[in-house]
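Welcome! Please take a moment to look over the sequence and the model, and then let us walk through some of its parts together.

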Amino acid sequence: MSENPTKVRAATPIQLPQASHDEILLRRYRVLERRGRGGFGTVCACWDTRLQRRVAIKRLPLAEWGTTAEEALAEARTACMLSHPNIVTVYDFETDDTFAYLVMEYVDGLNLAELLARVEGGRLTPEECAQVLCSVADALGFAHENRVLHLDIKPTNIMVDRKGTVKLADFGMSTLASAAGYGGARGGTVGYMPPEQIRGEMVDERTDVFALAAVVWQALTGANPFLARSAEDSQKRIERGPGRLQRDCPGLDPAVEQALLAALAPSPALRTADVTELSDEIVPWLGSPQEGASSLQDLVSQAEDDEGDSVDIRRPEDGRVRRRLPEGVLARAATALVCFSALRLLAPFALPEEASAATVGIPLLCAFASAVWPPLASLLVGGSLVAALALRAPDGSAAMAVAAGALAVVLVIWWALAGRKDRLTSVCLLLPSCLPSPASACAPSAYALDPLPAAATTAVGYLMGTLYRGAVAGAFSPGAMVSALVAEAADPSFWLLLIGSALSSALASSVALRGSVAAGLGGQALGFAGVFASCVLAASVKNSGIWGVLDWSTVVLALLLGVLMCIATVLRGPLYEDQEGEDLDEFSE
């Protein structure tokens with residue numbers, strides 16, 4: 001059995017000393033390793049020399065935790081009441097002068113927190129989530145029938161063994177409910193506690209419903225929206241709500257989001273009544289728990305064999321192991337690169353003359369900051385472009401002031417609605433400023449974003465890239481810039497390519513959202529076809545209906561970026577479900 005030592009938000013893991021195989025507990029159990037520290041004690045993996053089996057022993061230092069032997073025995077009795085396939089079995093309980101020992105079933109596998117840390121994005125497939133939810137709900141339903149509340153549901157207390165079986169562990173926070181179904185709150189873990197538990201008020205089954213819903217939300221999206229540095233901050237986040245599940249899991253049925261939002265209601269009176277109801281409302285929309293159990297079995301086996309590799313280890317039906325690239329690292333590197341490239345040309349114009357020596361150092365610092373938090377890059381480059389327009393406008397040029405103000409307003413609106421929500425949005429927005437084509441954002445936006453954000457990002461990137469390249473080429477001379485921008489705005493081909501690239505991005509994204517690799521490739525092909533058709537139409541309009549010279553830089557860049565996004569799609573695999581191997585016609589619906 002294994003537990004993560006975190007009680008609040010993950011910080012530095014506790015370094016547990018390595019166990020000596022000569023250490024014997026209770027003159028019977030040889031310590032093999034110390035696996036973690038839970039809310040009320042240290043967990044050791046041990047060998048039972050009498051029965052010749054592996055067990056897990058929770059050792060509680062009575063004085064350190066302020067726990068008496070009677071209280072520890074009460075915990076053991078509570079746990080022993082619960083004999084269920086999805087609950088870790090308690091075998092025995094012993095005490096000495098210093099410690100209490102809870103001897104439990106050893107689960108040969110990983111806890112859910114360890115498993116999420118080893119798959120890309122920290123998220124499970126819907127079918128894997130169905131298995132977790134169904135199993136934990138069964139365990140909690142049985143506990144609640146016996147008037148026992150868990151009160152500390154979290155990923156580190158959910159075990160997954162090598163057979164894909166999910167078991168609920170550590171009833172150390174549990175309390176026997178009263179005849180009315182209520183008990184006293186005894187702590188918990190920030191990020192999974194509902195407001196009534198945070199405030200120390202009376203709790204009931206709906207407290208466990210909230211925690212389980214938070215775990216499911218985290219497993220689906222890769223993040224717990226209620227994690228915070230303090231219980232008070234967590235409560236504020238709960239009051240604000242978890243956000244939109246559809247944004248992170250666009251392929252899920254809206255019924256899943258509605259059920260989870262009901263289970264995560266801040267007020268118990270508005271919350272889903274019991275875990276069985278929560279499971280019944282969600283599992284049918286997630287998929288088969290049996291298929292999820294098989295997938296979890298492969299995940300656990302491969303994760304333990306990989307010794308901590310932080311890559312996606314899902315195994316498709318053909319038996320081949322697909323190892324995905326660390327997309328988060330690549331996204332941060334790409335963001336830092338485009339940020340530095342754009343700022344390197346802007347710095348001489350955006351900085352005051354006395355800071356001219358920092359025209360390399362400041363872009364490097366900004367690139368590093370963007371790697372830490374990718375959405376920052378769009379603000380840094382956009383803000384620098386606005387500053388350059390303002391600083392280089394002689395005598396307060398009205399045209400430069402209007403351009404700077406309009407750009408600032410558009411960027412703020414775009415960033416608030418789309419730019420801050422995905423780590424690749426900055427790359428999509430800034431590519432048209434770094435490459436010789438204003439339509440360069442089409443392919444990456446279709447790959448990374450939903451249809452509406454993709455279209456908006458492509459359009460804003462197109463306009464910003466045009467302004468950026470015109471300003472840099474004219475050394476921010478107001479006369480040259482105004483002439484160039486007026487000429488562009490008066491050219492119908494400029495607007496045709498803008499509209500065409502934005503629509504192509506939205507269309508490609510909508511097809512890619514079907515989730516499979518084939519859909520992603522088909523979406524990129526449609527996106528390129530749309531950009532190419534827009535270039536043909538723009539050339540025709542520009543030359544009064546006569547076939548004109550295509551904008552080959554736009555066509556070639558659209559093709560190259562589309563190919564790169566196709567490669568990224570293949571390496572990434574399906575978006576949310578293991579759809580490979582299915583005989584699907586992507587365009588039949």
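Thr189 is buried in this predicted model, with a relative accessible area of 3%. Where does Thr189 sit? Its place is the loop between strand S12 (183–184) and helix H5 (195–198). The side chain of Thr189 also has a polar partner: the side chain of Asp152, at 2.7 Å.

Now for the whole chain. The protein chain holds 22 helices and 13 strands. Of its 589 residues, 52% are buried. Among contacts between residues at least 6 apart in sequence, 68% join residues at least 24 apart. The accessible surface of the chain comes to about 25600 Å², and carbon and sulfur atoms account for 59% of that surface.

Tyr101 gives a local view of such contacts. Tyr101 belongs to strand S6 (residues 99–105) and is buried, with a relative accessible area of 4%. Which residues touch Tyr101, leaving aside its neighbours within four places in sequence? Among them are Leu25, Leu26, Ile57, Lys58 and Arg59, and also Asp92, Phe93, Glu94 and Asp96. The C-alpha atom of Tyr101 is 10.0 Å from that of Ala56, although 45 residues separate the two along the chain.

| Residue | Relative accessible area |
|---|---|
| Thr189 | 3% |
| Tyr101 | 4% |
| Cys249 | 6% |
| Cys428 | 2% |

How many disulfides does the model have? The count comes to zero. Cys249 shows the reasoning: a disulfide requires two cysteine sulfur atoms within 2.5 Å, but the closest cysteine sulfur to that of Cys249 is in Cys129, 7.9 Å away, so the two are too far apart for a bond.

Next comes a sheet. Strands of a sheet pair through backbone hydrogen bonds, and the pairing can be parallel or antiparallel. Here, three strands in the order S7-S9-S10 form an open sheet with antiparallel pairing. Strand S7 (109–111) and strand S10 (166–168) are the edges; each has a single partner strand, so one side of each has no neighbour in the sheet. On average, neighbouring strands of this sheet are turned by 25 degrees against each other, direction ignored.

Strand S9 (residues 158–161) is joined to S10 by three bridges, and the two run antiparallel. Which residue of S10 stands opposite Ile158? That residue is Leu168. Helix H4 (residues 126–145) lies across S9 and S10, and runs at about 35 degrees to S10.

Our last stop is helix H9 (residues 254–263). Its buried residues are Ala255, Val256, Glu257, Ala259, Leu260 and Ala263. An α-helix has 3.6 residues a turn, so residues three or four places apart point the same way. What covers the buried residues of H9? The cover includes helix H6 (205–221), helix H8 (245–248) and helix H10 (275–286).

How values were computed: Residues are numbered from 1 along each chain as its sequence is written. This is a predicted model: local features need pLDDT of at least 70, side-chain atom pairs count only at pLDDT 80 or more; totals for chains, interfaces and linings use all residues. Side-chain values use heavy atoms; hydrogens and water are left out. Buried means under 20% relative accessible area, exposed over 50%, partly exposed in between (1.4 Å probe, protein chains only). Two strands pair if DSSP finds at least two bridges between them. Helices (H or I, at least four residues) and strands (E, at least two) are DSSP runs, numbered from the N terminus. Axes are lines fitted to C-alpha atoms, for helices over the stretch in contact, and angles run from 0 to 180 degrees between N-to-C directions. Contact means heavy atoms within 4.5 Å. Accessible areas come from the Shrake-Rupley method with a 1.4 Å probe; for residues, only the protein chains shown count as cover. A polar contact is a pair of N or O atoms within 3.5 Å; within protein, one must be able to donate a hydrogen and the other to accept it, and residues adjacent in sequence count only if both atoms are side-chain atoms.
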